[in-house]
Amino acid sequence: MSVLREQLAGLWAYRWQIWVDVTKDLLSDSRETAGRFFWVVAMPLVPLGVYLFLAKLRVFAAHDAMEGVVYVVVGATLWLLFTSLFLAPLNAIRSKGKTARQSRYPLAAVVASAVGGAWIEFLVRLVLCGVVLGFTQWPSPLGVVLFLAAVIPLSFVFLGAGMIVGVFAVASKDLAKLTPIAIQYLFFLSNVLFAIPADRIPQWLIWANPFAFAIDTSRWVLMFGVFPDLAGFLAMVVAGVLLMWKGLHFLGLAEPRLASHL
Amino acid sequence: MSTPLISAIGMGKRFSRGFKRQHRDLAQELWGLFWRGRAGAPAEPEDDGETFWALQNLRFDVRRGEVLGVIGHNGAGKTTLLRILNGEMTPDAGEVRIHGQRSSLIDLAGGFSMTMTGRENIYYRGAHLGFSRAFLREKEQEIIDFAELGEFIDSPVKDYSSGMLMRLGFAVTVFAEPDVLLMDEILAVGDFLFQQKCLNQINKLKQRAAVVLVSHGMSTITQFADRVLLLDRGVPVFLGKPVEAIEAYYRLEESKQKLGSRLSRLSGREPEHVLAEPAAFDAFEWPDFGTLPGQEPLPARVMFEAPAARHGQGLTEEEALPVELRAVVGNFIHNKDAIDDVALLWLDERGEPLKKFRGADAATLQISFTLRRPTERLVIGVPLWNEQAVYVTAFGMQGRFDMGGLGAGRHSVRLKIPALCLNMGTYYPVVAFQELTEFIFRSPATPMHVTMSPAPLFWGLVTLDYHWERGVSAPVVEAAEIKW
């Protein structure tokens with residue numbers, strides 16, 4: 001427990017430094033452009049814009065309970081958040097771990113700044129979701145209230161698992177290469193753009209995929225204000241808290257060992 | 001006595017050869033950490049030939065206000081030690097205890113965001129070093145003033161020269177006012193005046209911090225260190241006063257060379273990367289040769305055969321000099337149609353081959369060479385650099401000695417130096433032969449390891465013969481040429 005306490009105390013002590021990192025990552029790419037802040041907002045919307053365009057063309061199968069555009073835009077927004085959170089530790093440790101260790105900046109802070117960036121991009125995309133919903137299908141008022149309350153604990157699953165994978169990926173370069181590839185394939189099994197018909201793929205394959213469960217649950221909560229599978233949701237929240245605890249603890253334990261391999 | 005700020009207790013570091021083994025070991029450790037909360041034991045025995053100890057059984061303390069110098073040959077483990085103290089690596093045996101805030105002057109230009117301005121980078125890099133926003137606000141102007149960046153502070157650092165970047169990095173790092181300071185060489189940052197500022201700042205930090213300084217510069221070590229740790233292939237072989245440690249370093253080097261030459265004689269081959277082999281001099285036999293008037297013939301032993309003449313035996317010109325010196329020393333030349341078999345021998349006052357260079361002693365350099373054709377006018381020069389690539393002096397013939405025209409054949413000449421005047425350190429002579437305006441030979445000679453300065457207390461590179469007077473014999477200056 002002391003490792004975990006140290007990790008949390010470190011994150012609190014480095015909160016300003018984490019913010020500096022988050023803003024630097026957001027602003028540095030658009031620094032020398034004419035429309036600086038425009039690009040900060042526009043870049044996260046680019047993938048969402050592509051899915052929105054395809055949804056308007058009715059490329060994907062319609063969903064019974066909600067507009068196709070809503071299904072795709074909300075699904076893609078959630079997918080981008082959850083996968084960003086899952087990959088954030090892996091990418092952050094690989095790209096910034098060495099510099100951080102040289103200045104004894106904690107790896108947990110490096111991960112936290114990457115997570116901060118992922119959440120800011122999510123909030124930007126959420127604004128576009130709001131615009132799309134406003135013009136197509138209004139969400140349930142209770143759903144709007146419950147949405148973040150569902151998304152935040154569900155995101156713990158992906159962040160916690162991402163930290164564990166991110167640490168092991170330092171020792172296994174194959175794991176570091178395979179993880180993003182696996183994520184790309186999971187995209188088609190996660191009910192992001194279309195609900196996969198039960199007769200095509202066994203449904204357990206969909207429901208064993210935490211991305212599919214988290215995206216479907218969050219989207220349903222937003223649109224209708226109810227949890228389609230409350231027991232499943234609660235189980236996933238418990239799993240998320242445990243994975244977060246284990247991931248943070250493992251990162252703290254492994255950090256000194258990783259130093260010479262970064 | 002104050003509590004040590006740095007303690008190494010039986011510390012060791014093991015490395016694996018080959019990345020597969022490294023990754024397998026790490027994976028095992030991580031697996032153990034993940035499931036049991038402690039690192040997994042290595043699966044194979046440690047003496048399987050795939051692993052080696054880069055550092056072994058290090059024990060030392062460094063207290064506030066103390067500077068520990070670390071010396072040793074390449075591969076001795078100096079950088080590994082510094083990386084462990086900096087928290088970049090963990091020891092595999094024993095432990096290291098660091099009390100207080102650490103700061104390192106190791107990679108000054110690293111850790112900057114190239115698209116940000118210098119001012120923004122003060123905050124960005126400062127944040128990574130753990131400084132608070134309030135502290136950086138307070139120190140911002142001091143850092144800018146110290147780095148002498150002026151209006152460029154608001155330009156992106158990608159437009160900075162490497163010197164500007166180093167100055168900014170140095171300024172941000174030293175203003176941390178750390179308890180523990182780790183340095184890899186005293187940094188030559190910027191111009192002379194800026195270097196003086198840096199040295200002043202480091203001297204200020206010395207008063208309040210425990211400092212570990214890794215250096216190849218023996219003069220730097222004697223100037224800064226209170227105690228010196230000598231490492232050899234990861235093993236501590238000496239810890240004590242700087243002068244004694246440096247002597248031990250040179251003794252170690254000498255014994256390695258003797259061993260190398262013995263091995264070479266046994267195997268009949270030249271050992272690789274061994275430049276000076278005092279014990280191997282007996283191996284060379286030279287025929288009698290003609291001498292200059294008034295000169296005695298060179299003994300039938302050579303101390304050093306210039307590297308350029310040994311190319312066929314595995315020694316390249318690049319290996320003859322430290323990396324820092326290669327650029328400043330200039331091209332190596334050997335016109336074999338004009339000159340060959342250049343041999344040098346340092347002699348002491350009694351005319352015996354010199355065993356050790358001491359700053360106060362006289363020394364004679366005897367140079368023998370074979371001219372392949374008559375020369376109209378030959379001039380010899382011996383410029384001297386130190387280990388920081390500073391051009392110390394040159395012993396030239398121009399204006400001092402005229403050899404006149406020389407016929408083909410073996411010749412010899414002596415350079416007599418009444419007192420070397422050199423302070424402790426390693427000096428790199430280059431022997432150059434010039435015929436009219438053309439160099440016919442130019443090559444580095446054996447490095448001179450000066451193990452004792454002319455005086456117990458010394459500053460700079462040389463100690464000239466001088467004395468101070470007071471009273472009647474030192475009248476008050478009334479009409480000075482220069483007054484401040």
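Is A:Thr77 buried or exposed, and what is its relative accessible area?

Author: Happy to! A:Thr77 is buried, with a relative accessible area of 1% (buried means under 20%, exposed over 50% and partly exposed in between, with a 1.4 Å probe and protein chains only). Before going further, please keep in mind that this is a predicted model, in which local features need pLDDT of at least 70 and side-chain atom pairs count only at pLDDT 80 or more, while totals for chains, interfaces and linings use all residues. Residues are numbered from 1 along each chain as its sequence is written, chains are lettered from A and ligands numbered from 1 in the order in which they are written, and side-chain values use heavy atoms, with hydrogens and water left out.

A:Thr77 sits in helix H4 of chain A (helices are DSSP runs of H or I with at least four residues, strands are runs of E with at least two, and both are numbered from the N terminus). Setting aside neighbours within four places in sequence, A:Thr77 is in contact with A:Leu48, A:Phe122, A:Arg125, A:Leu126 and A:Cys129 (contact means heavy atoms within 4.5 Å).

Stepping back to the chain around it, chain A has 10 helices and 0 strands. Of its 262 residues, 52% count as buried. Among the contacts in chain A with a separation of 6 or more, 79% come from residues 24 or more positions apart. The accessible surface of chain A is about 12100 Å², with 70% of it belonging to carbon and sulfur atoms (areas come from the Shrake-Rupley method with a 1.4 Å probe, and for residues only the protein chains shown count as cover).

Now to the meeting with chain B. The contact draws on 32 residues of chain A and 40 residues of chain B. Together the two chains bury about 3200 Å², 60% of it on carbon and sulfur atoms (buried area is the accessible area, with a 1.4 Å probe, that two parts lose on being put together, summed over both). A:Trp16, A:Arg104 and A:Arg257 supply 22% of the area that chain A buries there, more than any other three residues.

H10(A) gives the most, with 7 residues. By type, this side divides into 15 nonpolar, 7 polar and 10 charged residues (Ala, Val, Leu, Ile, Met, Phe, Trp, Tyr, Cys and Pro count as nonpolar, Asp, Glu, Lys and Arg as charged, and the others, Gly among them, as polar).

Just after H2(B), B:Gly87 takes a positive phi of about 80°. B:Arg233 has a positive phi of about 45° although it is not a glycine; B:Arg233 lies in the loop between strand S8 (227-232) and strand S9 (235-240) of chain B and is exposed, with a relative accessible area of 60%.
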